Amino acid sequence: MTDRAPLRTAAASTTIAILAVLVLAADQFAKQLALSSLEFQTPVPVLGEVLQWYLVLNPGAAFSIGEGVTWIFSIALAVVACAIIWIGLTRVGSRVWAVVLGLLLGGVLGNLADRLFRDPGFAVGHVVDFISTPWMMPAIYNVADIFIVCSMITVAALTLFGVSLDGSGRKTVAEAAAESAADEADAAETIGDGTTDGVDDRRRES
């Protein structure tokens, strides 16, 4: 199977950056809209129990875990963001990986922006959550969370199916078997040529 040529580093980095900025902007716009139009902890049915708006400020992680150590989540998000940027600048040549990492970075930066710049203070800010789907999970989440979760699932799938970060592609089982058979044939031919040459040399010496 022949894949398209890998992306150049500049193209991969640009793709990641553009998608990250778009996701960050969409997340922050949605949060500001929620803050300006929703009352705190007041459910607003959109599609009955399927989808509701429910505005909360979350100092912790999912289900408000770790409310007293908000700064740890700020550090964790910053580390993840730096890791994605480093990978994007040094290793990514695959288009699909560039897209997924760009969306993931945007989601991470969306929540990191809340941690850094929202009340009650720098690095301990509360994340704005406002999306509720009671039928699926009890947690309240936001646009950034959606991109983070979906991107992480995609990362797991790409890893499982062996899609390389550098865009070098991958061989099917049939192609790998054909190449192996060809290598074995070449080796056998080389050995055969060596044996024949040895017999001819002995005959000339006789």
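Is phenylalanine 40 buried, partly exposed or exposed? In this predicted model, phenylalanine 40 is partly exposed, because its relative accessible area is 47% and the exposed class begins over 50%. The residue lies in the loop that links α1 (9–37) to β1 (44–45). Leaving aside residues up to four places away in sequence, phenylalanine 40 touches Leu35, Leu55 and Leu57. Tryptophan 53 is 13 residues from phenylalanine 40 in sequence, and the two C-alpha atoms are 10.0 Å apart in space.

The protein chain has five helices and four strands. Read from the N terminus, these elements follow the order α-β-β-α-α-β-β-α-α. Of the 206 residues in the protein chain, 33% are buried. Among contacts between residues at least 6 apart in sequence, 67% join residues that are at least 24 apart.

The strands come next. The four of them make an open sheet with antiparallel pairing, in the order β1-β2-β3-β4. β1 and β4 (140–141) are the edge strands, each with a single partner, so one side of each has no neighbour in the sheet. Helix α4 (residues 143–160) packs on the sheet, where it touches β3 (127–132) and β4. The direction of α4 makes about 80 degrees with that of β3.

The sheet can be followed strand by strand. β1 and strand β2 (residues 52–58) run antiparallel and are joined by two bridges. In this pair, proline 45 has glutamine 52 of β2 as its bridge partner. The two strands form a hairpin with six residues between them. In the turn of that hairpin, glycine 48 has a positive phi of about 60 degrees.

β2 is also joined to β3, by five bridges, and these two strands run antiparallel. Asparagine 58 has valine 127 in β3 as its bridge partner, and tryptophan 53 stands opposite isoleucine 131 in β3. β3 is mostly covered, with six of its six residues buried. On to β4, two bridges join it to β3, again in an antiparallel arrangement. Here serine 132 is paired with isoleucine 140 of β4 as its bridge partner.

The helices can be read in the same way, starting with α1. Its 29 residues should span 42 Å at 1.5 Å a residue, and the end C-alpha atoms are 42 Å apart, so the two values agree. The buried residues of α1 are Ala12, Ser13, Ile16, Leu19, Ala20, Val23, Asp27, Ala30, Lys31 and Ala34.

Helix α2 (residues 70–90) has 21 residues and reaches 31 Å from its first C-alpha to its last, close to the expected 30 Å. Which residues of α2 are buried? They are Thr70, Ser74, Leu77, Ala81, Ile84 and Gly88. These residues lie on the same side of α2, because they cover an arc of only 95 degrees around the axis. Their cover includes α1 and α3 (95–117). On the other side of α2, Val79, Cys82 and Trp86 are exposed.

How many disulfides does a search of the whole structure find? The search finds zero. Cysteine 82 counts as exposed because its relative accessibility is 51%, and the exposed class begins over 50%. Cysteine 150, at 43% relative accessibility, counts as partly exposed.

Among the contacts of phenylalanine 40 are Leu55 and Leu57, and β2 spans residues 52–58.

Note on methods: Residues are numbered from 1 along each chain as its sequence is written. This is a predicted model: local features need pLDDT of at least 70, side-chain atom pairs count only at pLDDT 80 or more; totals for chains, interfaces and linings use all residues. Side-chain values use heavy atoms; hydrogens and water are left out. Buried means under 20% relative accessible area, exposed over 50%, partly exposed in between (1.4 Å probe, protein chains only). Contact means heavy atoms within 4.5 Å. The expected span of a helix is 1.5 Å times one less than its number of residues. The arc is that of the directions from the helix axis to the C-beta atoms. A disulfide is a pair of cysteine sulfur atoms within 2.5 Å. Two strands pair if DSSP finds at least two bridges between them. Axes are lines fitted to C-alpha atoms, for helices over the stretch in contact, and angles run from 0 to 180 degrees between N-to-C directions.
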